[in-house]
Amino acid sequence: MSLPSTSTPGVRQADFRFRCIACSDLNERASPDFRCVRCGDLLEINYPQWKLSRPDAEKLKSTWRERRFSHRAVDLSGVWRFRDLLPALDGDDEAVTLSEGNTPLYELPRCGRITGVPRLLAKHQGMNPTASFKDTGMTVAATFARRTGFRWVACASTGNTSASMAAYAARGGMRGLVLVPEGKISWSKLSQALDYGAVTCQLRTDFDGCLRLLQQLVLEAPVYQLNSINPFRLEGQKTVAFELLEQLDWREPDHIIVPGGNLGNSSAIGKALLEMRELGLVSRLPRLSVIQAEGANALVRTLREAGGKRLVTVSAETRATAIRIGNPASWKKAVHVLESTGGACDEVSEIEIAQAKAEIGAEGIGCEPASAVTLAGLKKLVKQGFVKPEETVVLVLTGNVLKDPDFTIDFHRGDMFRPGTESAALSALRHPPIVLDATLDAVTRTLEQAEKSGS
Ligand code: F0G
């Protein structure tokens, strides 16, 4: 079918700028480490021409709707379908895509009852091709990496970025170099990077050490950086907010809650919300809140102890290894987003994470531990009165339940917490595997016991 053309089928290179988030310096090109050449802070992609000729919001919405009926690869991508608000492709075939995005928005009735917020939804980014939200950013960044002509792309990672980057490097015909902290990422994620053919280095340091090293490497070697410091990543990650609002018929939810690690995702979703308001796609901003693990709470402490003015780093420790980060790169962007949308920032304990993860699992949905901080955080925000029972809340589930099976199995077997520390509510969520003789009698008795106990 023929699609209507819009006046902005992507923003041409001549029309977007790399803008420093600290000194506002504008540049047509970015340096290899994606840092401001004047002050060293992070860059973001900025679209000054929207001030001169604003894309028509209604036309954008109908174009995006029409593209859902198209079978072209660029339209089957839930990221490039929104390409009008992204840096432009040279041609539709240029996109390095695995049909990312297009993720489901689930109702969570059981968790809604638990939290006392009946209108509770989950945007499940774990349903992406490599099973985490990273794919939405990676398709854009890998596409522009290939355009620059680099042979090697590289990232530091707690696991999901490396899995995603390895996949998109392979699809784009590039070599991938992965730096991960040894022993601190799940085997599932490591195995993805290996299978997709990346050169995978397990470094004897933490994520923050890996990222530091990568930042040095890109200044020395012809390697293109694909961490979320790369602003193209965040442009792709913006599209989850476009897709979410489209799924909600452009009715703004009251709250969006995301986990916080390196803080790229919260920054990207916040940027999308602000751009949508600027362009008239929405009239009201949802509050975007960020939840961290207590043991990796750099943003919480940055706001609490330094009023968001300087970063308070921490020595990170949590079993939610995806967000085991103590020196988050995008903290300033995240502070800006929290301030602009009126969101909250809080922390949750290891027990609270495990309980929330099991509760999301019991909905038949499941997610990885880092994603479950959103539900655990919501419980706190409801208690504080920040989230009201009649409001609509969207949790962004960032990773698939299969990303960290060790966590799930340890939890259900009762190997995670010291005996006596589990509440009755937590114990009731455990469903340990049962080893039996292979007899009808043994299975029947187990069935009867389960029926009696209601478990
Ligand atoms: N949830 C999951 C499942 C993640 O993998 C990450 C980050 C986050 C949340 C936090 O997002 O960093 O944008 O604040 N994972 C990165 C990685 C750091 O290397 O895979 P963030």
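1. The residue E107 has its bridge partner in β5, namely L121. This bridge belongs to the pairing of strand β4 (residues 105-107) with β5, which is antiparallel and runs over three bridges; strands are taken here as DSSP runs of E with at least two residues, numbered from the N terminus, and two strands pair if DSSP finds at least two bridges between them.

2. The model is a predicted one, in which local features need pLDDT of at least 70 and side-chain atom pairs count only at pLDDT 80 or more, while totals for chains, interfaces and linings use all residues. Residues are numbered from 1 along each chain as its sequence is written, and side-chain values use heavy atoms, with hydrogens and water left out.

3. Strand β5 also pairs with strand β13 (residues 393-397), here in the parallel sense and over five bridges. Within that pairing, L120 has V393 of β13 as its bridge partner.

4. How many of the residues of strand β5 (residues 120-124) are buried? Five of its five residues are buried, where buried means under 20% relative accessible area, computed with a 1.4 Å probe and protein chains only. In a regular strand, side chains alternate between the two faces of the sheet. For β5 both faces are covered, with L120, A122 and H124 buried on one side and L121 and K123 buried on the other.

5. The ligand is surrounded by 20 residues, of which T158, N160, N262, L263 and T398 are the closest; a residue is counted as near if one of its heavy atoms lies within 4 Å of the molecule. Oxygen atoms of the ligand lie 2.7 Å from a backbone N or O atom of T158, 2.8 Å from a polar side-chain atom of N160 and 2.7 Å from a polar backbone atom of N262. On its own the ligand has 470 Å² of accessible area, and the protein covers 98% of it, the areas coming from the Shrake-Rupley method with a 1.4 Å probe.

6. A search of the whole structure finds zero disulfides, a disulfide being a pair of cysteine sulfur atoms within 2.5 Å. As for accessibility, C155 counts as buried because its relative accessibility is 0%, and C367 is buried with a relative accessible area of 0%.

Technical notes:
Buried < 20%, exposed > 50% of the residue type's maximum accessible area, 1.4 Å probe, protein only. Helix = DSSP H or I, 4+ residues; strand = E, 2+ residues; numbered from the N terminus. Polar contact = N/O pair within 3.5 Å; in protein donor to acceptor, adjacent residues only side chain to side chain.
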